[in-house]
Amino acid sequence: MNKDSETLNIHMCFLGNPGCGKTEVARSISGILYENKILPTRKVIEVDRSGLVSEYFGATAKKTSAVIDSAMGGVLFIDEAYSLVEDNRTYGAEAINTIVQEMENYRDEVIVIFAGYPEKMKEFLEQNEGLASRIAFHLNFPDYSPEELTQILDLMLEKSEYRMDERTREKCFSICADACREENYGNGRFVRNLLDHAIMRKAYRLI
């Protein structure tokens with residue numbers, strides 16, 4: 001990292017439901033930090049519990065250390081981080097202990113971002129004071145509104161070189177509004193599935 005950032009603690013925690021953009025923001029942050037010469041690369045290593053925990057005693061620390069080494073110079077994004085200790089799963093605590101140690105040892109060389117459901121992540125951090133004290137930034141990712149979901153659909157359509165008329169757009173807005181009343185409806189993933197289903201039905205009609 002840039003010498004001016006040597007004393008900075010930039011480790012983060014992203015709190016939000018699935019599909020609300022946590023991974024995309026992590027990728028954007030790595031680019032911003034690179035452009036401001038805080039990180040030497042744009043690299044983002046994305047893992048979940050399976051990428052950190054081994055099935056054998058004593059092997060998890062080595063596996064976790066290897067992942068952290070691969071993220072050096074960039075960002076390590078750990079999705080559903082709470083699953084490392086949820087329900088006392090075997091060897092997850094070993095991974096956390098390794099991460100806590102190396103977050104401190106290599107604070108100038110790698111930025112760790114933990115992500116997951118808001119309530120589960122809060123419980124996760126409360127169980128490990130050593131980890132919580134090393135995280136400087138906590139960012140909340142609220143669920144998207146029907147208007148925002150429809151705007152996301154517009155962007156996806158443009159990228160896929162499709163378009164919809166106003167009547168279809170009103171129907172999609174209504175579908176998104178109904179979805180927002182459901183718990184854990186998927187946010188951006190819901191819109192992606194909606195578009196995929198529409199494209200498949202279009203292909204079926206053509207056939």
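Q: In which order do the 5 strands stand in the open sheet?
A: The pairing in the sheet is parallel, two strands being paired if DSSP finds at least two bridges between them. Strands (E, at least two residues) and helices (H or I, at least four) are DSSP runs numbered from the N terminus. This is a predicted model, in which local features need pLDDT of at least 70, side-chain atom pairs count only at pLDDT 80 or more, and totals for chains, interfaces and linings use all residues. The order is β2-β3-β4-β1-β5.

Q: Which strands stand at the edges of the sheet?
A: An edge strand has a single partner strand, so one side of it is left without a neighbour in the sheet. The strands in this position are β2 (44-47) and β5 (137-141).

Q: What is the average twist from one strand to the next?
A: Axes are lines fitted to C-alpha atoms, for helices over the stretch in contact, and angles run from 0 to 180 degrees between N-to-C directions. From one strand to the next, the twist averages 20°.

Q: Which residue of β5 stands opposite Leu15?
A: Strand β1 (residues 12-16) pairs with β5 in the parallel sense over 5 bridges. Residues are numbered from 1 along each chain as its sequence is written, and side-chain values use heavy atoms, with hydrogens and water left out. Opposite Leu15 stands Asn140.

Q: At about what angle to β1 does helix α4 run?
A: Helix α1 (residues 22-35) lies across β1, β2, β3 (75-78), β4 (111-116) and β5, at about 150° to β1; contact here means heavy atoms within 4.5 Å. Helix α4 (residues 118-126) lies across β1, β4 and β5, and its angle to β1 is about 145°.

Q: Which helix gives the most to the lining of the largest pocket?
A: A pocket is an open set of points on a 1 Å grid over the protein atoms alone, where a 1.4 Å probe fits, with protein on both sides within 12 Å along at least five of seven lines; lining residues have an atom within 4 Å of a point. The largest pocket has 18 lining residues, with Thr168, Cys172, Ala198, Ile199 and Arg205 nearest its centre. Helices α6 (146-159), α7 (166-179) and α8 (188-206) each supply at least two lining residues. The most, 7 residues, comes from α8.

Q: What is the volume of the second largest pocket?
A: Grid points are joined across faces, edges and corners, and a volume is the space filled by probe spheres set on the points. The largest pocket has about 540 Å³. For the second largest pocket, the volume is about 440 Å³.
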